[in-house]
Each structure stands twice: as C-alpha cells, then as structure tokens.
Amino acid sequence: MYKILRRKQLNDTVVRLDVEAPFIAKKAKAGQFIILRIDERGERMPLTIADTNAEEGSVSIIFQIVGQTTMLLSQMKEGDFLLDFVGPLGAATEFGDIKKACVIGGGVGNAIAYPSAKALFNMGVDVDVIAGFRSKDIVILEDEYKEVCNRLFITTDDGTYGEKGFVTNKLQDLIDAGNNYDLVIAIGPIPMMKFVSKVTEPYNIKTLVSLNPIMIDGTGMCGGCRVTVGGEIKFACVDGPDFDGHQVDYDELMKRNSTYREFEAHDRENCRMYKAADEMGGAK
Ligand SMILES: Cc1cc2nc3c(=O)[nH]c(=O)nc-3n(C[C@H](O)[C@H](O)[C@H](O)COP(=O)(O)OP(=O)(O)OC[C@H]3O[C@@H](n4cnc5c(N)ncnc54)[C@H](O)[C@@H]3O)c2cc1C
Ligand code: FES
C-alpha cells in the first residue's frame with residue numbers, strides 16, 4: 001500500500017499528489033511513468049512521474065480529472081492509501097549532448113514536460129520553456145518552472161495571462177529571433193505535438209514528443225499502446241513514451257485513443273462521484 005503524503009489542488013480540475021514510494025523515488029528518471037490502482041476494483045491508470053524527492057522517498061503525480069478514475073483519485077486525502085503504484089515504467093528521455101533546448105507544455109502536459117526541463121537545467125543546458133494554457137485560471141507550475149529554466153514564456157489562447165496565442169506562435173517567434181535550439185520537447189494534446197513538430201521540421205531541430213496511447217499492462221505484453229513511428233510499430237510503454245516527433249503517425253494515435261469514448265462517457269454518467277459533484281454544481 002502506498003500512502004498519500006500530500007494533496008494539492010493546482011486548479012479546478014488538476015490535482016497534485018505526493019505518494020510515499022521510496023524505491024521509485026530513488027530510481028525514476030525524466031520521461032518515466034507509474035501505473036496505479038486505487039483499490040482491487042480499480043482501473044490501471046498510467047501517470048507520469050512529475051517529480052521525486054529521494055530523501056523523503058516520495059513521488060509526485062499531477063493529473064487532470066477527465067473521467068471516472070481520475071475523479072476517484074482526486075477525492076483521496078492525505079493519509080489515504082493506494083493499492084498499487086508500479087514503476088518506474090517506460091524508457092527515460094534520451095536528451096543527447098545538447099546546449100540549448102526549448103521545452104513546451106500544453107495544459108496538463110506541463111506536468112509531464114516539467115521533469116524534462118528540470119533534468120536539462122540540472123545538466124547545465126540553456127533551457128527555454130513555453131507553457132501554454134487556454135486561459136489564466138488553469139495556469140499551473142509557474143513558480144516550479146521558474147526554478148528550472150533560463151527563460152519562461154507563458155501563453156494563453158485567450159490572452160488573459162502571458163502572451164496571447166498558441167505555443168507554436170511563440171516557438172516560431174523564438175526561432176525567427178535566432179535561437180538555435182538543439183532540441184525541442186513538446187508534451188500536451190496530440191494536435192499540439194503534431195503542429196510543434198511541423199514548426200521544427202524545416203529547421204531540422206530534433207523534436208521529442210511524449211505519447212499517451214491507452215495503456216493496460218505497461219510492460220509491452222498486451223499491445224494496447226501500439227503506435228506507428230517512422231512506419232514501424234512501437235509500444236509506447238516500453239519503446240517510449242518519448243518518440244521522434246517528426247516520425248509519429250498522429251492521426252492513427254488520435255483514432256486509437258477515441259476507441260473507448262462511448263464506454264468512457266457511459267462510465268462517467270454512472271460514476272457516483274460525478275453525480276455528487278454535479279449536484280454540488282460541477283466537478284471540482
Ligand atoms: C504514459 C502516460 C502518461 C500519462 N501521464 C499523465 C499525467 O501525468 N497527467 C494526466 O493528467 N494524465 C496522464 N495520462 C493520461 C491518463 O492516464 C488518463 O487521463 C487517465 O487514464 C484517464 O482515466 P479516467 O478513468 O479518469 O478517464 P476515462 O473516462 O477512462 O478516459 C478519459 C481519457 O483518458 C485516456 N485514458 C483512459 N484510460 C487510459 C489508459 N489506461 N491509458 C492511457 N490513457 C487512458 C483516454 O484518452 C480517454 O479518452 C498519461 C497517459 C499515459 C499513457
Ligand atoms: S500497455 Fe500493453 S503493450 Fe504497452
């Protein structure tokens with residue numbers, strides 16, 4: 001059993017939990033993830049290791065409430081226990097020998113991008129971060145990013161905070177201004193990763209994206225997380241989740257991720273937590 005040490009609400013739908021898991025805290029590297037189960041009837045849910053504290057023996061996860069399991073997890077409190085918390089899973093991000101990087105996060109994807117920015121900064125790399133959100137009220141990790149990058153640019157789609165526009169506009173501006181990035185890391189919604197990769201392709205800038213296909217076992221056995229990269233079949237849980245952004249078949253990934261949408265909507269409709277939240281005026 002894995003004890004929840006701290007719980008923090010980062011915005012209306014995003015929660016951070018610090019979980020006691022000393023082995024994972026010692027071994028985890030940027031890019032890796034865990035799979036958890038709340039209880040014996042629970043779904044297996046992959047979440048990225050957002051941060052670790054090896055001294056305390058804790059692992060931080062940051063998640064957005066999108067369905068039944070994330071809703072149930074968001075209702076857990078300090079001192080509660082998770083049944084399973086397995087990791088570190090997946091391949092650690094291979095940054096290569098680089099001098100200047102741009103790390104780009106979109107929405108809750110910033111929770112997944114943050115450990116890469118931190119690892120690169122600690123390696124002595126000159127790190128720019130572009131953190132994009134729909135609007136001011138959902139901005140997360142601003143203070144944390146400031147500690148692990150040379151320059152932080154926040155963009156909002158509606159212009160309520162930072163610069164108005166998409167992360168791709170800001171990236172193009174930075175490239176046009178003469179920033180010679182050896183590496184761009186883009187993590188967020190699939191269309192965002194696709195379009196960031198389109199911006200960097202003409203400049204031959206190495207671009208890594210973190211893919212989020214449906215995962216079940218997380219050990220390369222079930223085939224659920226199959227993605228096509230450079231015309232080859234890969235399993236995101238063991239070959240990734242990071243891949244060359246210029247080689248990913250994004251359209252296939254989007255199609256596969258929507259396979260269970262009807263079941264998820266049904267689950268959501270029947271989830272008692274959602275009903276309770278709706279009666280209180282919306283899922284918080
Ligand atoms: C390697 C990896 C790392 C991830 N890291 C994070 C993270 O740090 N923070 C975060 O908020 N989310 C992360 N996700 C997505 C997260 O796993 C899903 O949001 C979660 O499983 C949704 O479960 P649910 O029951 O609440 O929603 P559901 O209603 O079941 O599903 C909502 C959506 O979540 C996705 N999803 C559902 N089940 C799975 C599954 N078993 N595997 C992958 N995706 C699923 C699908 O896109 C689905 O349409 C990650 C996914 C992967 C594959
Ligand atoms: S989750 Fe089963 S093969 Fe990747």
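Reader: How does the radius of gyration of the chain stand against the globule rule for 284 residues?
Author: This is a predicted model, and its secondary structure comes to 10 helices and 17 strands. The C-alpha trace spans about 50 × 40 × 40 Å along its principal axes. Because the globule rule gives 19 Å for 284 residues, the chain is as compact as a globular protein of that length, with a radius of gyration of 18 Å.

Reader: Among contacts between residues at least 6 apart in sequence, what share joins residues at least 24 apart?
Author: Of the 284 residues of the chain, 42% count as buried. As for the contacts in the chain between residues at least 6 apart in sequence, the share that joins residues at least 24 apart is 64%.

Reader: Which are the edge strands of the open sheet of 5 strands?
Author: The open sheet has the order β5-β6-β2-β1-β7, and its pairing is antiparallel. In general, strands of a sheet pair through backbone hydrogen bonds, in either a parallel or an antiparallel sense. An edge strand pairs on one side only, and this holds for β5 (51-53) and β7 (81-82).

Reader: Which residue in β7 does K3 stand opposite?
Author: Strand β1, residues 2-11, pairs with β7 in the antiparallel sense, and the pairing runs over 2 bridges. Within β7, the residue that stands opposite K3 is F81.

Reader: Is I62 buried or exposed?
Author: UniProt, in an unreviewed entry, lists I62, F63 and Q64 for "binding site", and I62 is found in strand β6, residues 58-64. Leaving aside neighbours within four places in sequence, I62 is in contact with L10, V14, R16, A50, V108 and A111. Because 23 other C-beta atoms lie within 10 Å of I62, and 20 or more is the cut-off, this residue counts as buried.

Reader: Leaving aside neighbours within four places in sequence, which residues is Q64 in contact with?
Author: V14 and V108 are in contact with I62, and both are in contact with Q64 as well. With those neighbours in sequence left aside, the contacts of Q64 are T13, V14, T70 and V108.

Note on methods. Residues are numbered from 1 along each chain as its sequence is written. Chains are lettered from A and ligands numbered from 1 in the order in which they are written. This is a predicted model: local features need pLDDT of at least 70, side-chain atom pairs count only at pLDDT 80 or more; totals for chains, interfaces and linings use all residues. UniProt positions are given in the numbering used here, feature names are shortened, and annotations may be inferred rather than shown by experiment. Helices (H or I, at least four residues) and strands (E, at least two) are DSSP runs, numbered from the N terminus. A residue is buried if 20 or more other C-beta atoms lie within 10 Å of its own, exposed if 12 or fewer, and partly exposed in between; C-beta atoms are placed from the backbone. Two residues are in contact if their C-beta atoms, placed from the backbone, lie within 7 Å. The radius of gyration is taken over C-alpha atoms; the globule rule is 2.2 Å times the number of residues to the power 0.38. Two strands pair if DSSP finds at least two bridges between them.
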